[in-house]
Structure formats: C-alpha cells, structure tokens
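Here are a few friendly notes to read beside the model. Please keep the structure open as you go through the points.

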Amino acid sequence: MSADHSDTFRQHDATQRSSEARDLVWLPIPPEEIDGLPDTLEYAHWDGGPDFPTDPARCAFYCVPYMKPPQVCTRPLSAMTNLRVVQTLTAGIDHIKPALGDLAPGVRLCNARGVHDASTAELALTLILASLRGIPDFVRGQDAEEWRSGFRPALADKSVLIVGYGAIGSAIEDRLVPFECERVARVARSPRTTERGPVHPIDELPQLLPEADVVVLVTPLTEATRGLAGAEFLSRMKDGALLVNVSRGGVVDTKALLAEVESGRLRAALDVTDPEPLPAGHPLWHAPGVLISPHVGGPTSAFLPRAKRLLRAQLNRFAHGESLAHLVATTG
C-alpha cells in the first residue's frame, strides 16, 4: 500500500471512529432545516420510510415520525439496543407507549407538550362555533343554492366545561375569553388553583356536567380515560348540549354517543373518532347534529416552527447531559 493510500485509510478510519463516538439522533425533520442543533451529536433523517438511514442499534435519541401509523413509528424500536430517549411530536403517547416494554430499562419517553396548543385550541374553538352557528348546514345550502336562514345559538352566555385542563385546555380557555361565555369550568385528574379559577378533580364531573352547554374533551387517552364519555357521562349532560372531542377517539364510547345524537338530545363535534379513520358506512357520518373533522387538530402551519424549537431545546439538553423537558415515562 502506498503512503498516500495509507494516510487516506487512516484518516477515513479516524473519521469513522469519531462519528461512532458521537451519540446518533434520528429525526423526522431533515437536521439541516433545524437551526441551532448541537454539533457534538450525529444526525440521521428518517420519516418512516421502508429503509433505515443507519443501523438502528446506534441510535441514542429517536424522534418519532409525525402522523405515521403506530406500526411504522415502533418498527425500529426493537433494534435500537443503545436507545436512551424516545421523543414524540405529539402530546399524546398512546401510539408509542405500548412498545416501550421491549426496550432496555432507563429509556426516557418525552412528549411534545406545547407544540400543538395553538393549533388544537384553534380547532376546538372552530368546532364549537361551527356547530353552534350551523355552518355545516350553510355549506350544504350553498352547494344546493339554497338560502337557509334561521335563528342559531351563540357561544356568548354559554357555560363551557373543559375536561382535561392541561396546556391545550388552558389554550382553549385563552381563546374563549373574548366570546363572553357565562362560565368556564375546568377539570383535571387532580384539583389545583389557577389565575383564572379552580380546576376541579375528575370525580366532580357528575355535578359539573348538567351545568354545561358545551363540554370539551382534551384528555390524554389512558386506561383511566378510555370510554370516559360513556352512557352515564353523556346522560348527565343537559338537553341540547354540545360534546366536542379534540383528544382521542377512545375517550368517547361511540355506541353511547350515537344513542344520544340519534335521539336528538345531544350534538357533537368530533376531530377524533373510534374507530379511526372512520370507515365508510359508519353511522356517525350521517348522525344528526354531528360535525366531523379528520383528526386535524395538530397538522397546521403552526406545527413545524414549534416542533423545531422543541427539538433544538431537547437536543441541546441531551448533548449537555441536562434533564429533558416533558418527561412522561421511563422504561424499567
């Protein structure tokens, strides 16, 4: 081997060893599009495609692809033997948490608290106003060239109950403030006090539901909240009340909801359903008083800048050995 070739080989070997010494990060956003990432880490771009960008065993920090099916998001996990952090780009973690049992102890799971507050709160308000003011009927009238005038309820003077008062619930209340609601009540897993007033524990729902004209669901999907809005919950809602779900479809018992809306007693505005996607022919599609949007609370122009800010902050913490934000679970 010539001296020149020997030098080239040694340089390549040193570069490879240096690269392998750095922690590897898999990102669903091209890393060159995120300013301020620490240069002490190595990056690979993977957004759920069939081919992995590197050996998954080298990955230390895995950011889960956004808006991909659970089977795609979890596919590389079993091979990620050196994984230390799983970062979602969603507030909910129900699509990834079941796969964590196969990981080594000590892997941290972080969610994207704050990334979707603005866009999900906007949609919640949109669904409330559209349903109350009869916008779907106006659109159908426009399609049919019919002038469908009439008297409609307003959001002003209504009582709103937010079930799941976290960051998104608080953002929804921020947007309700200018609409002159008579009352906004708040419910979370545990009671606390905020600047706007008390947050009631979830066991007070039976007393709060009959007072609400609009009930907004924004809870995470857990074993405790699955089917929360079931027959008993819905029966306690006042006649003519509106149920808005911007959390997860499984929080609502679909059969129980269908019974209430088909009777005409309740109305619903749903960004999420169970099952999801809602299949053709499902009775929810044509149930009276039901407005459906196809799980679009998060994917808006507000997503990408906020996701980039989250990843930049988290990866700088990770690179410097600092505590990560939004830690929701640790394996083992």
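**Notes on the sheet and a pocket**

1. Let's start with a helix. Helix H9 (residues 303-319) lies across strands E1 (24-27), E2, E3, E4 and E5 (108-110), with contact meaning heavy atoms within 4.5 Å. H9 runs at about 160 degrees to E3; axes are lines fitted to C-alpha atoms, for helices over the stretch in contact, and angles run from 0 to 180 degrees between N-to-C directions. Helices (H or I, at least four residues) and strands (E, at least two) are DSSP runs, numbered from the N terminus.

2. A word on the source: this is a predicted model, where local features need pLDDT of at least 70, side-chain atom pairs count only at pLDDT 80 or more, and totals for chains, interfaces and linings use all residues. Residues are numbered from 1 along each chain as its sequence is written, and side-chain values use heavy atoms, leaving out hydrogens and water.

3. Now the sheet: it is open, with six strands in the order E2-E1-E3-E4-E5-E14 and mixed pairing; two strands pair if DSSP finds at least two bridges between them. At the edges, E2 (42-45) and E14 (327-330) each pair on one side only. From one strand to the next, the twist averages 20 degrees.

4. Inside that sheet, E3 (residues 59-63) and E4 (residues 85-87) pair in the parallel sense over three bridges. Cys63 has Gln87 in E4 as its bridge partner.

5. Finally, look at the lining of the second largest pocket: H3 (117-133), H4 (135-143) and E13 (290-292) each supply at least two of its residues.
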